[in-house]
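Good morning, and thank you for the time. I would like to speak about side-chain packing, and I ask you to keep the structure in view as I go.

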Amino acid sequence: MTKNESPPGFTTPRAHKQTTQKNPWQCRGAVTKKKKLKKARASDTMKITTAVSGLFIIAHNVLSAHGIRILQTNDDGWVELYTRVLNDKLREKDHDVVLSAPAGDRSHGKFYDYPMDGPTNRNASRPDLNWVNGHPVHGVRYGVEFTGPEHWMGQRPDLVVTGPNRGHSIWPWHFHIPHVVAAAYASSAHAVPAISFSVPARRQAMWLWNETAPPVSASVYAELAATLIDHLAESAGDGKPLLPWQTYLNVNFPVRTEACEKASDFKWFFAGASPPDFPPRAAEVKWCGNTAWQPEYEVLGYREECRISVAISDGADMTDRNDRETRSDLVTRLAKLIKCDRDGH
């Protein structure tokens, strides 16, 4: 094609060729002034755009320095009291939290392969509070793929938090507890680190956040959960995941008693997600003088010692995460929080 040729199939409309005509009512000075004004406006627009972009970057960096992106779900429903108290506590600590939980109580029944059975929706005044017509697994999937990225401008959560669930979640019943399955699902199917929190069930009726004043225990458990999350976030390092791929923590809080009134009264203990003789056996990593960690139910058995059990679990089969590197890394990173007492195990 030569310089003066038109592209194939294109004919120059010579009869309608546009020409530049001077406006007889506009002097040259006015044209120059108009051009300068347009240029000034364009420059101002660029400055404003740059400033807004800069503010967004600063805001994002502030979040990165003081908090993380958390997707929260549960199996008791999005209006359950303990869930909302933890949600408020995490937001108070500068974490950016999106709730994506069942519309109602989904603590029981078959849920592994059921599809969602209705629409999703959100709180009109708080778009970070969302519900799904499904189980906690659906809440995780919808939150990771849609609700979270929409809220975080395309970004995924740094952590999935499930619970606090009413009732302990320990071997072997945890295989059938929806919110623990949701944590395992998040860590394995979506490669998002997860923590499932469970509290003792002292009553059958569910408390709703807008009908009941929060009991002291709800605030104490929320403070403890936030403390663990903060330690994980601070020890992970910039740009690194909070937990290795396919890893979640199963955390069970003991009953709050006269000996365990405040958050500072509780003690954190590593525990086995599955019995010591259950294959595959966990890698032998020494903590508190032992390589064989007590099962969760044994740790929780010391009621007057206010012991919290933390099990490093595998999202693929919900047993112990049995590689030495993962277990050693978490023992080192959480050493300031999970300390061995003088009696050991």
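Let me begin with a definition: rings of Phe, Tyr and Trp (for Trp, the six-membered ring) count as a pair if their centres lie within 6.5 Å, with planes under 30 degrees apart called stacked, over 60 edge-to-face, and the rest tilted. By this rule there are seven aromatic pairs. Please note that this is a predicted model, in which local features need pLDDT of at least 70 and side-chain atom pairs count only at pLDDT 80 or more, while totals for chains, interfaces and linings use all residues. Residues are numbered from 1 along each chain as its sequence is written, and side-chain values use heavy atoms, with hydrogens and water left out.

How are the rings of Tyr221 and Phe266 arranged? Their centres are 6.5 Å apart and their planes stand at 65°, so this pair is edge-to-face. Tyr221 belongs to helix 5 and Phe266 to the loop between strand 7 and strand 8, so the pair ties together parts 45 residues apart in sequence; helices (H or I, at least four residues) and strands (E, at least two) are DSSP runs numbered from the N terminus. Buried means under 20% relative accessible area, exposed over 50%, and partly exposed in between, with a 1.4 Å probe and protein chains only. Tyr221, at 4% relative accessibility, is therefore buried, and so is Phe266, at 6%.

I turn now to the nonpolar core, a set of buried Ala, Val, Leu, Ile, Met, Phe, Trp, Tyr and Cys residues joined through side-chain atoms within 4.5 Å. The largest has 48 residues, of which Leu249, Val251, Phe253 and Trp268 touch the most other members. Helix 5 (216-236) is among the elements that each supply at least two residues, and its share, 10 residues, is the largest. A second, separate core of 18 residues includes Leu71, Val140, Trp152 and Ala194.
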